[in-house]
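Me: I would like to go through a protein model step by step. Please show it, and then I will ask about its parts.

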Amino acid sequence: MEDSTQPLLLSQHQITNTTNSSSSCTFIAGDDDISPINSPRDFFREFTKESKKLWFLAVPAMFTTLCQYSLGAITQTFAGQLRALDLAAISVENSVIAGFSFGIMLGMGSALETLTGQAFGAGQLDMLGIYLQRSWIILCTTASIFCLIYVFATNILRAIGQTEAISTSAGLFALYMIPQLFAYAMNFPMAKLLQAQSKIMVMAVIAGSALVLHVIFSWLFMLKLRWGMVGAAVVLNAAWWFIDICQFIYIISGTCGRAWNGFSLKAFQNLWGFACLSIASAVMICLEAWYYMSLILFAGYLKNAEVAIDALSICMNILGWTIMASLGMNAAISVRISNELGARHPRTAKFSLLVAVISSFCIGVLISAILFFTRNIYPSLFSNNSQVQDLVIQLTPLLSVCIIINNIQPVLSGMAIGAGWQAVVAYVNIACYYLFGIPLGLILSYKIGLGVKGIWLGMMSGTIVQTLALTYMIYKTN
């Protein structure tokens, strides 16, 4: 890598090494912004100060992630007013096919979050645009390869045990959604560059505008004109590309200053090193993103699969909305951690994490309480099928507990991204999610006979173990 990036990568390497021992510290800290905390009054003063910084980033980031996630969720909501098969097909495509791609693209884009955040904190603004272009090259190449998954989606879904009707319909919908795949490749790198510069408000405005237009045109094409899945695909693809075009125009308009100096051949230098960090980020994020998405897949093997998938897709939509809110805090804490570490302020970074965890926990408790007490009302908003509504009501207590847990976990993951711990956390995710959570869920579901509840209980247990593991890693880090 060119000389201008050496201080950044050295800082990242040093931070990663601190996870190996709590007794040694190779990171050279400068003067922190945080004042000494010697009393409760000092704590609340610094808590308030840091909260303002976090929420300045988190509120528009939460709004942005909620709007972007809601694009697919609203599509599924409108599909629920059509045929049960349409809802099941769109849910499976969103969860399995698009979910697979979304996880990898988001994960690979998170490498940019580490590098741009620390570069911005270290004052290396000229490198931000270079990093952005490198990420575009890598993600667009990945998207081109993933087109094969979309083309053969029907055969893939059939091979993993989905019903013939669901596999055929979801496979057809996947073909329509190939443009969304490339929209992911363009979107995530731009989002990380804007986040690193704390230019999150403009992302919120763009995402909010896209959501409003998406609702209007979804109603028009799916319900009024009765285009069904074709209408869903047209509107959903258009919404994502609308976001991409608006963000690109904003970046190249000069508002990002030295962060964008035009296209450069430097973007093609050291692609392998950048790809390695991108792959590590992808593995970490994908293992998290696919974990709960696999609930939909396993539900396809249960009796009355369409009802089980529809009910779970509704619960996953709601959980996804709350996770998207916590991912707003994830983005905020990742920016704060990477900026402060880039500026050599580790004490400030650690205190920022504490503030983020406390805030996210309180939000999770509030959302869970509201959801639990309205459990007999909200299912009718998503489906007019009484069987689906009854199953959603039964799953709501589990959903409420899951929301609390998943409001804390993304914050810890955001810390890991900001510090450059992606590779280590990937191993933790494999052990907690796939060697513990999924096997336990399958045993509870199929052997003990708890059905959908068993799958969810086991997988939620894996999330709890993963959260405890990340907490321990943070505690042992100097």
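Me: Which element gives the largest share of the lining of the second largest pocket?

Reply: This is a predicted model, in which local features need pLDDT of at least 70, side-chain atom pairs count only at pLDDT 80 or more, and totals for chains, interfaces and linings use all residues. Residues are numbered from 1 along each chain as its sequence is written, and side-chain values use heavy atoms, with hydrogens and water left out. A pocket is an open set of points on a 1 Å grid over the protein atoms alone, where a 1.4 Å probe fits, with protein on both sides within 12 Å along at least five of seven lines; lining residues have an atom within 4 Å of a point. Helices are DSSP runs (H or I, at least four residues) numbered from the N terminus, and the largest share of this lining, eight residues, comes from H10.

Me: What is the volume of the second largest pocket, and which residues are closest to its centre?

Reply: A volume is the space filled by probe spheres set on the grid points, which are joined across faces, edges and corners. For the second largest pocket that gives about 240 Å³. Of its 16 lining residues, the closest to the centre are Ile104, Met108, Thr142, Ile279 and Ala282.

Me: Which residues touch the most other members of the largest nonpolar core?

Reply: A nonpolar core is a set of buried Ala, Val, Leu, Ile, Met, Phe, Trp, Tyr and Cys residues joined through side-chain atoms within 4.5 Å. Buried means under 20% relative accessible area, exposed over 50%, and partly exposed in between (1.4 Å probe, protein chains only). Among the 103 residues of the largest core, those that touch the most other members are Met105, Leu399 and Trp456.

Me: Which helix gives the most to this core?

Reply: The count for the leading helix is 18 residues, and that helix is H3. Its span is 84-121, and H3 is also one of the elements that give two or more residues to the lining of the second largest pocket.

Me: Why is the pair of Trp136 and Trp260 edge-to-face?

Reply: Rings of Phe, Tyr and Trp (its six-membered ring) pair if their centres lie within 6.5 Å; planes under 30 degrees apart count as stacked, over 60 as edge-to-face and the rest as tilted. The centres of Trp136 and Trp260 are 6.3 Å apart, and the pair is edge-to-face because the planes are at 65 degrees.

Me: Is Phe263, which pairs with Trp260, buried or exposed?

Reply: The rings of Trp260 and Phe263 have centres 5.2 Å apart and planes at 85 degrees. Trp260, at 11% relative accessibility, counts as buried. Phe263 has a relative accessible area of 60%, so Phe263 is exposed.

Me: What is the relative accessible area of Gln247?

Reply: Gln247 is found in helix H9. Not counting residues up to four places away in sequence, Gln247 is in contact (heavy atoms within 4.5 Å) with residues including Gln68, Asn187 and Met190. Gln247 is buried, and its relative accessible area is 0%.
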